[in-house]
Amino acid sequence: MLTIIANASVLDHQGNLEKKHILLQDGVIKSLVDAQVKLSDIQDGASDIIDAEGKLITPGFIDMHVHLREPGFEHKETIESGSRSAAKGGFTTIACMPNTRPVTDHPDVIKLILEKANQAGIVKVLPYAAITKNELGRELTDFAALKEAGAIGFTDDGVGVQNAQMMKDAMKIAAGLQMPVIAHCEDDSLVVGACVAEGEFAKKHGLKGIPNESEAIHVGRDILLAEATGVHYHVCHVSTEQSVRLIRQAKSIGIHVTAEVCPHHLVLSEEDIPGLDANWKMNPPLRSKRDVEACIEGLLDGTLDIIVTDHAPHSAEEKAKGMELAPFGIVGFETAFPLLYTKFVETGLWDLSFLVQRMTADPAKVFGLNSGLLEAGRPADLTMIDLDAEKSVDPEQFLSKGHNTPFAGWNLKGWPVKTWVDGKLVWSE
Ligand SMILES: NC(=O)N[C@@H](CC(=O)O)C(=O)O
Ligand SMILES: [Zn+2]
Ligand SMILES: [Zn+2]
């Protein structure tokens, strides 16, 4: 079956926009043809021709840090609802975290996730497995068996691995299996009972603060352990100036460390929190302006490799418990691209190709995926974006079960309008 996406704007290797017809066949990108070529010359046998005049086509976005909540927390999200939400946001591959119930610490849970994702048949779902059983930090899981079942890496996201020897043992085994260790960096002893960052907001509201060191102390420790074990060490949701500095130094001496940053940590600081509204509560918390600047700088100089959403849906009831009692986390799929496009590309701070690469080719490179590039022979995972479309964020319109976002009402440009996975249209506005 031949599909043609005609007259699409695509980014070339230099980041310039070119007009192309994109031919898809059997789930794969067959070729990109200059749009000067008449459609009548290439459309023989095409079962579907989509006019993409005036629209940008990019490789499908890849999100290496998401929470789909199934099994166990289906009231927050399911693999199906999360996949739909991802597709609407332009994502075609998502990697889901193991803090489910049961925790993804056994091959059976990996198999269940892959089965459910397959049944949903929307986006590609890549499961992470837990480092420790039940994410309790006491006993390692069976890495070899989890890899065999389809896990793509190991992480206790949601909590930090508190014991250094445990982390070192995990890294040694993962290195032997050529698998990455992905770390939620947080030293519990420095955090106890805090819900927002240490800073002006915490002071004003008489709240205990989460200090920057609670993140960076793990980053520093784990870099040393990665050096000792040779593992590919990937840092989750970097949010502090100190972490950026440590990762930059580690990279400069050749340690195999990579890192991710979330849109909210690039766009918001603690100064933006309007009040005690838990839609502004996430882990790591919104930090100071200085930290935001350091994260942006880190992304620009390659210290931070990729952008992830850390899509973390919770129910309205849970979030209504208020800043101190509500769970940490905000949804991310359906606002990520327009948010970053509006804040950084429209304003002339970043090239469009810089943003697109951090959400496509770079995550694919960091995690060894075959997708993320718009070239012949690659899977036909594509996103169509209307860069001129402008609308305000309406959580009621989200396909995610979670409506917990600090961006409600924000007026944004650059909305995804169609998404294909393996050549199949999985979402269309
Ligand atoms: N990021 C969050 O604020 N919450 C995540 C956990 C996590 O990513 O650490 C969640 O599972 O809700
Ligand atoms: Zn985390
Ligand atoms: Zn997370």
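Predicted model: local features only at pLDDT ≥ 70, side-chain atom pairs only at ≥ 80, totals over all residues.
Residues are numbered from 1 along each chain as its sequence is written, while chains are lettered from A and ligands numbered from 1 in the order in which they are written.

**Exercise 1.** Find how strand 2 pairs with strand 1 and with strand 3.

*Solution.* 
- Strands (E, at least two residues) are DSSP runs, numbered from the N terminus. Two strands pair if DSSP finds at least two bridges between them.
- Strand 1 (residues 2–11) and strand 2 (residues 17–25) run antiparallel, with eight bridges. Val-10 faces Glu-18 across this pair.
- Five residues lie between these strands in their hairpin, where Gly-15 has a positive phi near 90°.
- Strand 3 (residues 28–34) is joined to strand 2 by six bridges, again antiparallel. Here His-21 stands opposite Val-33.
- Two residues separate strand 2 from strand 3, and Asp-26 in that turn has a positive phi of about 50°.

**Exercise 2.** Compare the span of helix 7 with the expected span.

*Solution.* 
- A helix is a DSSP run of H or I, at least four residues.
- Helix 7 (residues 213–229) has 17 residues.
- The expected span is 1.5 Å times one less than the number of residues.
- From first C-alpha to last, helix 7 reaches 24 Å, close to the 24 Å expected.
- Just after helix 7, Gly-230 takes a positive phi of about 75°.

**Exercise 3.** Sort the shell around ligand 1 by residue type.

*Solution.* 
- A residue is near the ligand if its C-beta atom, placed from the backbone, lies within 6 Å.
- The shell includes His-67, Asp-157, Met-282 and Phe-328.
- Ala, Val, Leu, Ile, Met, Phe, Trp, Tyr, Cys and Pro count as nonpolar, Asp, Glu, Lys and Arg as charged, and the others, Gly among them, as polar.
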